[in-house]
Amino acid sequence: MLPPASGTGKYFAKAAKSIRLIRQGCTNRPFFHISVTQRRRLNSQPVIEQLGSYDPMPNINNEKLVALNLERIKYWLGKGAHVTPPVAEILGLSGFFPIHPRSYMTAWRNRKTEQENIAKQIEAEKAKESTAA
Amino acid sequence: MISQNTFLKRSWPMLIQCAEAHRKPRWLPVAKSKLYRIPKRPEVSEEERLELLRVNNNYKTQMRAIRRFYHEEMIKEKSTRDSASSEMSLRLEADEWERCVIINDKWNAQVATEREERRKIQLAEMEELALAKMEAKDKELKERLEKAAEEVRRQKALCETFITPDKLEEAIDYALANPIDYNYAIDLHGKTYLGTTTPTNVHKDEKTSTAV
């Protein structure tokens with residue numbers, strides 16, 4: 001029998017732990033569990049405990065749903081668990097951590113590209129008008 | 001020596017279904033088509049680099065503080081849990097336990113009364129149902145008996161007209177003495193028309209005539 005995805009609860013006390021996303025969906029349908037595992041384990045191996053879930057596909061209300069068990073996350077952080085960047089980003093957006101630098105970076109890069117696109121559009125329109133006139 | 005149980009009761013299977021099955025195994029060399037491909041380095045401007053550095057430093061500092069906070073909290077909790085065996089906490093626990101027991105007893109009593117009521121109602125319902133069933137059964141039995149008695153009566157009445165071996169000669173004589181001709185028709189008013197339009201016993205008549 002396969003171990004449960006919600007966690008076996010078994011771990012080595014002195015091994016490093018990591019809170020990470022573990023892909024649970026199927027082909028073309030990503031879905032992630034936020035789980036705490038031993039740091040050197042593969043994502044396909046049994047986890048210690050599931051701490052939440054993350055659905056990266058927006059639903060009909062254009063929401064990406066995240067569930068977090070903050071109490072247990074606190075517990076594992078107290079135990080000195082490492083947090084992987086994607087999880088840190090999610091926790092930052094949820095207000096549990098400070099906003100992750102990568103979130104800031106993607107935000108300002110997106111802003112920049114958007115502004116550039118707008119400038120391009122305006123230029124194109126101007127060029128059109130000049131040719132028409 | 002590895003026992004059989006280590007294989008049977010291990011927490012994860014010996015053969016792992018690899019999630020990254022579509023990827024190249026680690027030990028295979030670089031594909032020929034990708035051998036001289038030089039991946040493009042990401043271009044980060046000086047301004048952006050400095051900003052990122054600043055943000056990252058801030059983040060790291062804050063995270064370190066948060067980590068330390070949770071770690072200290074855990075230690076504190078642990079110490080409180082360890083010191084929970086003091087008299088004060090014992091008394092508090094006992095009080096809590098008593099309160100819980102009282103509440104539990106109350107709930108139990110309430111549930112018991114509810115259950116008793118429910119059981120009474122159910123019993124009454126069951127009795128009613130059983131009585132109704134018995135009545136229905138009695139009625140059916142009676143009906144069947146009546147039906148059977150009726151049948152017996154009818155058969156007895158018929159019995160007098162039966163032809164027994166004793167009466168056989170008599171019946172034959174009677175039948176021969178009173179031949180009945182069924183060759184007739186009935187109209188809507190019940191009037192009988194005796195005789196036939198077509199000769200039925202022509203053959204027999206001929207025979208008799210030739211004999212005569």
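In chain B, confidence is lowest in helix H5 (residues 202-211) of chain B, at a mean of 49, and highest in helix H3 (residues 87-159) of chain B, at 95; the confidence in question is pLDDT, the predictor's own value for each residue, on a scale from 0 to 100, and the helices (H or I, at least four residues) and strands (E, at least two) are DSSP runs numbered from the N terminus. The model is predicted, and local features are described where pLDDT is at least 70 and side-chain atom pairs where pLDDT is 80 or more, while totals for chains, interfaces and linings use all residues. Residues are numbered from 1 along each chain as its sequence is written, and chains are lettered from A and ligands numbered from 1 in the order in which they are written. Chain B as a whole has a mean pLDDT of 86, with 83% of its residues at 70 or more, and the model scores ipTM 0.88 and pTM 0.56. Over residues 206-212 of chain B pLDDT stays under 50, and for this stretch the model has zero contacts beyond four places in sequence, a contact being a pair of residues whose C-beta atoms, placed from the backbone, lie within 7 Å.

Chain B contains five helices and two strands, which follow the pattern α-α-α-α-β-β-α along the sequence. Of its 212 residues, 0% are buried, where a buried residue has 20 or more other C-beta atoms within 10 Å of its own, an exposed one has 12 or fewer, and a partly exposed one falls in between, with C-beta atoms placed from the backbone. An unreviewed UniProt entry annotates residues 124-158 of chain B as a "coiled-coil region"; positions from that record are given in the numbering used here, feature names are shortened, and annotations may be inferred rather than shown by experiment. In the model this span is 100% helix and 0% strand, and its end C-alpha atoms lie 51 Å apart.

Chain A has three helices and five strands, arranged from the N terminus on as β-β-β-β-α-β-α-α. Of its 133 residues, 23% count as buried, and among contacts between residues at least 6 apart in sequence, 41% join residues at least 24 apart.

The largest nonpolar core has 20 residues, of which Ile19(A), Leu21(A), Ile34(A), Val36(A), Trp76(A), Ala81(A) and Val87(A) touch the most other members; such a core is a set of buried Ala, Val, Leu, Ile, Met, Phe, Trp, Tyr and Cys residues joined through C-beta atoms within 7 Å. At least two residues of this core come from each of E1, E2, E3, helix H1 (70-78) and H2 of chain A, and H2(A) gives the most, with four residues. In soluble globular proteins, nonpolar side chains tend to be buried together. Beyond four places in sequence, Val36(A) touches Lys17(A), Ile19(A), Val47(A), Ile48(A), Glu49(A), Leu51(A), Trp76(A) and Ala81(A).

In helix H2 (residues 85-94) of chain A, the buried residues are Val87(A), Ala88(A), Ile90(A) and Leu91(A). These residues lie on the same side of H2(A), because they cover an arc of only 160° around the axis, the arc being that of the directions from the helix axis to the C-beta atoms. Their cover includes strands E1 (17-23), E2 (32-38), E3 (49-54), E4 (66-68) and E5 (82-83) of chain A. Gly95(A), with a positive phi near 90°, follows H2(A).

In H1(A), the buried residues are Ile73(A), Trp76(A), Leu77(A) and Gly78(A), and what covers them includes E1, E2, E3 and E4 of chain A together with helix H2 (46-82) of chain B. Just after H1(A), Gly80(A) takes a positive phi of about 90°.

Most residues other than glycine have a negative phi. Asn28(A), in the loop between E1 and E2 of chain A, has a positive phi near 65° and is exposed, with 6 other C-beta atoms within 10 Å. Asn62(A), in the loop between E3 and E4 of chain A, has a positive phi near 60° and counts as exposed, with 6 C-beta neighbours inside 10 Å.

The contact between the chains takes 19 residues from chain B and 20 residues from chain A. The side of chain B that touches chain A has 12 nonpolar, five polar and two charged residues, where Ala, Val, Leu, Ile, Met, Phe, Trp, Tyr, Cys and Pro count as nonpolar, Asp, Glu, Lys and Arg as charged, and the others, Gly among them, as polar.

Technical notes. Two residues are in contact if their C-beta atoms, placed from the backbone, lie within 7 Å.
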